[in-house]
Amino acid sequence: MKKKTLLILFIVCIFNMQAQNLVSGKVINENSEVLIGVNISAKEIPGLGASTNFSGDYQISLPDGCNNLLFQYIGYEDVLKNVCFEQNNTLTLNVTLKKTSELLGTVVISAGKFEQRLEEVTVSMDVIKASLIENKSTTSLDRTMNQSPSVHVVDGQANIRSGSGWSYGAGSRVMVMVDGIPLMRGDQGAVAWQLVPMENISQIEVTKGASSVLFGSSALNGTINIRTNYPSSEPVNKLSITHTAYGKPKRESIYWYKGGYTSANNISYLHTHKKDNTDFVLGTNLYYDGGYQYKVISKRARINMSHTTYSKEIEGLSYGIKANIMRSKIADALMWQHDTLAYNALNDDPSYSDNNHFNIDHFITYNNPRNGIKHRINSRYFRINIYPAYVDSGQFSNRQAKRFSNVYYTDYQFQKQIKNIVTLTSGYTYKYSDGQDLVIYGNRNNVNHSLYAQADIKYQRLNLSFGGRFEHYNDEGNIINKPIFRSGINYQIAKATFLRSSYGEGIRFPSIIERYVNYATGPVMIFPNEELKPETGWSTELGIKQALKVGEWKGFVDFAVFMMQYDDMMEFSFGKWGNDDDGQIFGFGFKSVNIGRTQIKGFELSLAGEGKIGQTKIEVLGGYTYTKPYIDDKHFVYDQYTTNSGINPVSYLTTSSDTSGILKYRYKHLAKFDLNIERDRIATGISLRYNSRMENIDQAFIDPLFDMILGTTNAWERLNKNSMILDYRIGYNLTEEAQISFNIDNIFNKEQSLRPASLSAPRTYSILFKQNF
């Protein structure tokens, strides 16, 4: 009986195999570039599907009869093809997909770790295109981000919607990533801006509000995700050369290079190509900056590469390696000598960061479109060697005296798509950080384990998102466990109008530097705080996005009201934390402290768009942000220090120049605008940055004793005003492959102080040459 049953099953299988028909072909876009990962499904047969491989090829088996094949690729219009078979046939069907002409056409991945249309995400997000980066001729991403709506960067510290103040590179509430992997130092917890491959950026996605559920600690205030380009069908070679000259300052007394010339030079090169089933990317950068500040000279050399293999044996499998190596010596003037010598570092002694950075990333992805499952593993080893590598030359053989910082990072992600309606994302993240510097903080380490899960539902006009994360953090025996949650909704209330609301929780753990640093940088002391606690918080918003379309120009206007709350907020505070004999300025210095509960409320209006109106290409990015950042309890005593007169309590009231409750180092009003116009061979554009006066700073900066040293009181009264900086650029396409452009930054040569005891650059002139070959 069993033999007969097996024979019948075998015959049925043979019959079914004979009845299968094969459809195969290639999917390309309008520029004849192959599209990898296009989803192909048979509408009449649930669960049957395929996807294009690294060559854009696909094949799918269909039974006899007629079926509708659906080709889908986000950012492109769907294509439906009807195919009919009678018996065991083959069909070659090549398909060309067109870019979507509806709404914005911008695709992002940072909101949910999968591709979504910008207008359908449940949170506020801005996208900076590569063209803005190239047009501005910026050499480091932190300068580019200052042109992004609601983002403000000071001394490498990014803040979104007044979520942070000034911390001088110690910790960050904004997580910066390259292709979804954090680019944060293990010791400082700060962003390694110089490592970003500026020559190979596709777009930058800025997510506003708590994003810790998907991205973990340091995403309490939002994320900045830099997405790099993938190689196209044709090899790309791109050379970029920039020369920048610093103009004459507004005051003669700070014109230290009078009769001379100080400038900066930047050279970058990019090569990408596809060969068979592999992608290869190589980028290099050389940078030298003579500086507008006396003795503040910076230089770096960087090389990065990426190699990706798409398996021929296992469909949907890809794997590869990325590497980034940089040698840099960056000078920094933490404080000026005096207002009358604002471009001289205090005591003519700038601090130097002499480092060797390198990271190695391994990644592997398996995508099975037939059952809608994707597995992804990303790992990174990120090391910084700090020079001199030892405390003194006599310790070169003592490994315990080496100076370094390490990050070991691994993220496993599992994703399941159900009928193009539900996307389930879950994963595990491991991060181990350690560092050693016997002079500054000793030998320290911490480890962070995280589990996360999120569900995204798209049904007709409705998009829903909800998820959670569990954080386990161990800082040398100090263990913290914390669950956090998020949710969001987006509903298309009209053809081009989208209403959204979201709520997200977050957490940030102190960095090694914030807790343990005990060091003098120049004459300024930075004090430790081993009792520093993690900060937690939440953010919520209600927003509406209206898509716009004029001819071939597409854009949007977005309005959002928001609120953020932080508990045990960490602030980098300047004051008298030590005795009179601590450091060279009578015990004054910096210290990270928990200041209690704070709230930030506000609203934001933004505008973005690109495309052609007639024969003119127009790109616009701008926004206005109003915030009201306040502390909950002005009387809360969060620290104390000892002087000869006794113990002195420290609170918001004793350390603030303005005791109304407003948080330090924030702007209530912030506006950005960039316009670029191209027609024929000429491109021209303007950039505008506006901020209102800073209402509150550390009281110590206007203390009479401290003012005698740096002259900050009168300077702050003079410089701390509403400020607007305007830049202009013009470019000309010499050929289809070569372009030259000229930029003037700070056209009106305004003096601007983004924080006390520091003066921004004068008017600068840049010339940029780009050549593709």
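Modeller: Start with a term: buried means under 20% relative accessible area, exposed means over 50%, and partly exposed lies in between (1.4 Å probe, protein chains only). Strands (E, at least two residues) are DSSP runs, numbered from the N terminus. This is a predicted model, where local features need pLDDT of at least 70, side-chain atom pairs count only at pLDDT 80 or more, and totals for chains, interfaces and linings use all residues. Residues are numbered from 1 along each chain as its sequence is written, and side-chain values use heavy atoms, leaving out hydrogens and water.

Now strand 13, residues 157–160. Both of its faces are covered. Gln-157 and Asn-159 are buried on one side, Ala-158 and Ile-160 on the other. Its partner is strand 12 (residues 151–154). Two strands pair if DSSP finds at least two bridges between them; here there are four, and the strands run antiparallel. Val-154 faces Gln-157 across the pair. Two residues separate the strands, making a hairpin. In that turn, Asp-155 has a positive phi of about 50°.

For another antiparallel case, look at the open sheet of four strands, ordered 3-2-5-6. Strand 3 (49–51) and strand 6 (79–85) are at the edges with a single partner strand each, so one side of each has no neighbour in the sheet. Inside that order, four bridges join strand 2 (residues 39–42) to strand 5 (residues 65–72). Ile-40 sits opposite Phe-71 there.
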